[in-house]
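Reader: Could you take me through the aromatic rings in this one, close up? I'd like to know how they sit against each other and what's around them.

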Amino acid sequence: MFEYTGSRVAFSLFGVDVYWYGILIVTGMILAVIFSGREIKRAGGDPDLIYDIAIWILPAAIIGARLYYVIFEFDRYNSIFEMINMRDGGLAIHGGVIAGVLVGYIYTKVKKIKFMKLADIVMIFLPLAQSIGRWGNFINGEAHGGPTDSPLSVVIDGHKYHPTFFYESVGNFLIFLFLYYLYRKKSPKTGTTTALYLILYGIIRFFIEGLRTDSLWLGPIRVAQLVSVLSIIIGLIILYFANKDKFYSENFYENK
């Protein structure tokens with residue numbers, strides 16, 4: 001049973017409250033960047049690749065995650081300030097991933113970097129960052145499921161709910177472990193880890209989303225479930241081409 005009775009504010013700095021939610025999300029991002037840099041170096045690349053691209057991807061991911069959420073919850077906001085104030089929550093991971101991938105793709109094309117070879121490494125550590133970030137939802141008392149009598153529950157205001165944040169955190173961590181093992185021990189074809197992330201996270205999120213009470217909706221359809229299905233389809237397409245060595249590259253640069 002999970003129950004958080006502490007403050008959502010970690011500390012105050014010059015009169016500005018710093019929330020655990022933001023700390024956990026940023027911590028996950030930083031760890032993903034550091035570990036990706038180490039893995040790139042082990043693969044014979046320059047770790048500065050990930051540090052340079054992170055300067056563009058991380059802000060884009062945060063903006064994308066917020067914009068995605070605001071678009072589908074537009075009616076609840078009364079001002080621009082409310083729309084941009086994300087300290088109390090309101091980030092959608094799908095929006096962050098979409099924005100990050102788009103910016104990352106553009107950056108790699110401009111810098112003549114092999115997108116899929118770099119993405120294969122980043123996608124290993126993305127679920128680790130997601131796993132850490134989900135605990136921010138726990139502290140905020142959000143992203144939970146419907147009522148349950150299960151001993152494995154989250155207690156909010158005296159009521160027990162499905163701890164969907166926990167389900168997804170564990171699921172993401174298992175995806176991370178699997179992809180890390182696969183990449184390190186099996187040397188999969190280029191594009192494989194990216195494809196498997198899309199497929200595995202798509203499956204996990206589809207089922208967990210069905211339990212949540214705060215889904216974003218597009219008519220009668222849960223948006224996250226729709227995006228999860230699309231993610232699985234895209235992952236299968238990438239996996240098909242990966243098995244045909246369509247993304248193969250010996251190095252990270254197009255001109256080498």
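**Rings up close**

Author: Start with K117, whose charged end sits over the ring of F252, 5.3 Å from the ring centre (Lys NZ or Arg CZ within 6 Å of the centre and within 35 degrees of the ring normal). Bear in mind that this is a predicted model, where local features need pLDDT of at least 70, side-chain atom pairs need 80 or more, and totals for chains, interfaces and linings use all residues. Numbering runs from 1 along each chain as its sequence is written, and side-chain values use heavy atoms, leaving out hydrogens and water.

Now ring on ring: there are 20 aromatic pairs (Phe, Tyr or six-membered Trp ring centres within 6.5 Å; planes under 30 degrees apart are stacked, over 60 edge-to-face, the rest tilted). One of them, F138 with F165, is stacked, at 5.0 Å and 15°. F138 is in helix α5 and F165 in helix α6, so the pair ties together parts 27 residues apart in sequence (helices are DSSP runs of H or I, at least four residues). F138 is buried at 13% relative accessible area, and F165 is buried at 1% (buried is under 20%, exposed over 50%, partly exposed in between, with a 1.4 Å probe and protein chains only). Y240 and F241 go edge-to-face instead, because their planes are at 80°, with centres 5.3 Å apart. Y240 is partly exposed at 48%, as is F241 at 35%.

Back to F138 and F165: they share one aromatic cluster with F2, Y4, W135 and F166.

How values were computed
Helix = DSSP H or I, 4+ residues; strand = E, 2+ residues; numbered from the N terminus.
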